[in-house]
Amino acid sequence: MKRIIIYRGKALTVDDVVNNRADAARTAWRVFTKSDTRAKNALLEAMADALEAAAASIASANAKDLEEAQLRGMDAGKLDRLKFDESRIIKSAQSVRNIAQLQDPVGEVVRGYTLPNGIRLSQVRVPIGVMGMIYEARPNVTVDVAALCIKSGNAAILRGGSAAQHTNQASIAVIQSVLKEAGLSADLIQSVDDLGRDGATAMMHAHGHIDVLVPRGSANLIATVVQESTVPVIETGAGNVHIYVDKSADIKKAIPIIINAKTQRVGVCNAAEKLLVHRSVAQEFLPQIAAALAEHKVTLHADDTSYNILQAAHIAGLQLEHATTEDWKREYLSLNMGVKIVEDADAAAAHIAQYSTGHTETILAEDYSTIQRFISNVDSAVVMVNASTRFTDGGEFGFGAELGISTQKLHARGPMGLREMTTTKWIGYGDGQIRE
């Protein structure tokens, strides 16, 4: 039996409540689509100002979420994602301002030409409409998605999860107050957090009410949305991210890149999880990188050959374990890393093809032909060369922020910014033509 709640004086199922909210978002969106770029940018600037003014109160709400999460035993990586203190709020506000400065994709002509019969065709970018977002313990995403939706002319229905409920509620209250002050409906940016998990499930079933659904979080969350949703889904993937160290790699470059990719923030999808090393440099390189990783408390899960090399090196403080098949599949999101010795770049690409989630892979090499072969053979959303995997990010790519990082191949792939939040429509200008 479906859960019944009292909503605005009526007994409704959670599905009906979510559908009503999505329909209200669509009504607000139809009015909002009349806003030009200048109006949208002014709204974003006001939103940034309001977030900065409310930073202390939002941070206070976040402190409650963090305290509750710690009591539940949330791990360090997830706690880091959940953290939304004043400095991060100010940074998010700056991202909102950055989005305001970006080119508005709405109305952009993708292509155009004239048919032999004289009809002039144009394919132009338009907003998608009502976008649903389901995510976990990522309160910055609430601000990012709201800002991206405003600039790209979309409405949003958000389910940010129970772990960040206080923070999300505080942020959305600020955003909705800015909408009201601008004479717009607060229904343009809404949350269903008050409906719990049933609200998320109802979003997945809101076909005809929500135009597209984007899950962002754990592999289990993403798989559930993909499998259960009747709403079209843009799949963001887990990040089983690999770094391959070739025999031509510059070791002085390689070590800081790997340390950054693994340890700068461990609970994010673009953190490196696996290290593949060319056999000919393994004996020299592995003890060096292992010592550096040990200083950062990283536990290494090593294949048999690399385990023997590292055990013989007697590295102080190194936590070393034998890798299992499950290790090659796993996204750790913690201070753990898999290590494997491979024959060459082709073998590295083959291992990546078998175990990668298609997110980001990096090659550390100086040989041009090896680099190009690796790029050609690796089928992931992003391939980096001699750079940290942590750069796979909408903000770093110049998008201001990101909706998520798509690992699918339809519509959008890689970090999703403003253009990925639009679709297109064809406009045909005729002068009385009829089809024979």
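Helix H5 gives the largest share of the lining of the largest pocket, four residues. Helices here are DSSP runs of H or I of at least four residues, and strands are E runs of at least two, numbered from the N terminus. The model is predicted: local features need pLDDT of at least 70, side-chain atom pairs count only at pLDDT 80 or more, and totals for chains, interfaces and linings use all residues. Residues are numbered from 1 along each chain as its sequence is written, and side-chain values use heavy atoms, without hydrogens or water.

The largest pocket holds about 930 Å³ of space. A pocket is an open set of points on a 1 Å grid over the protein atoms alone, with protein on both sides within 12 Å along at least five of seven lines; lining residues have an atom within 4 Å of a point. Its volume is the space filled by probe spheres set on the points, which are joined across faces, edges and corners. The lining has 34 residues, and Lys 91, Asn 140, Arg 265, Arg 390 and Asp 393 lie nearest the centre. By class, nine are nonpolar, 13 polar and twelve charged. Nonpolar covers Ala, Val, Leu, Ile, Met, Phe, Trp, Tyr, Cys and Pro; charged covers Asp, Glu, Lys and Arg; the others, Gly among them, are polar.

The second largest pocket holds about 660 Å³. Its lining has 30 residues, with Glu 136, Arg 159, Gly 161, Arg 197 and Leu 221 nearest the centre. Two or more residues come from each of helix H4 (76–82), strand S5 (130–135), helix H8 (196–204) and helix H9 (219–228). H8 gives the largest share, five residues. The lining divides into twelve nonpolar, nine polar and nine charged residues.

The largest nonpolar core has 74 residues, and Met 47 and Ile 189 have the most contacts inside it. Such a core joins buried Ala, Val, Leu, Ile, Met, Phe, Trp, Tyr and Cys residues through side-chain atoms within 4.5 Å. Buried means under 20% relative accessible area, exposed over 50%, and partly exposed in between (1.4 Å probe, protein chains only). Beyond neighbours within four places in sequence, Ile 189 is in contact (heavy atoms within 4.5 Å) with residues including Ala 146, Cys 149 and Leu 179. A second, separate core of 33 residues includes Ala 249 and Phe 285.

The structure holds zero disulfides, defined as pairs of cysteine sulfur atoms within 2.5 Å. For Cys 149, the nearest cysteine sulfur is that of Cys 269, 19 Å away. Cys 149 is buried, at 0% relative accessible area.

Notes:
1 Å grid on protein atoms, 1.4 Å probe; cavity = no way out; pocket = protein on both sides within 12 Å on 5 of 7 lines; lining within 4 Å.
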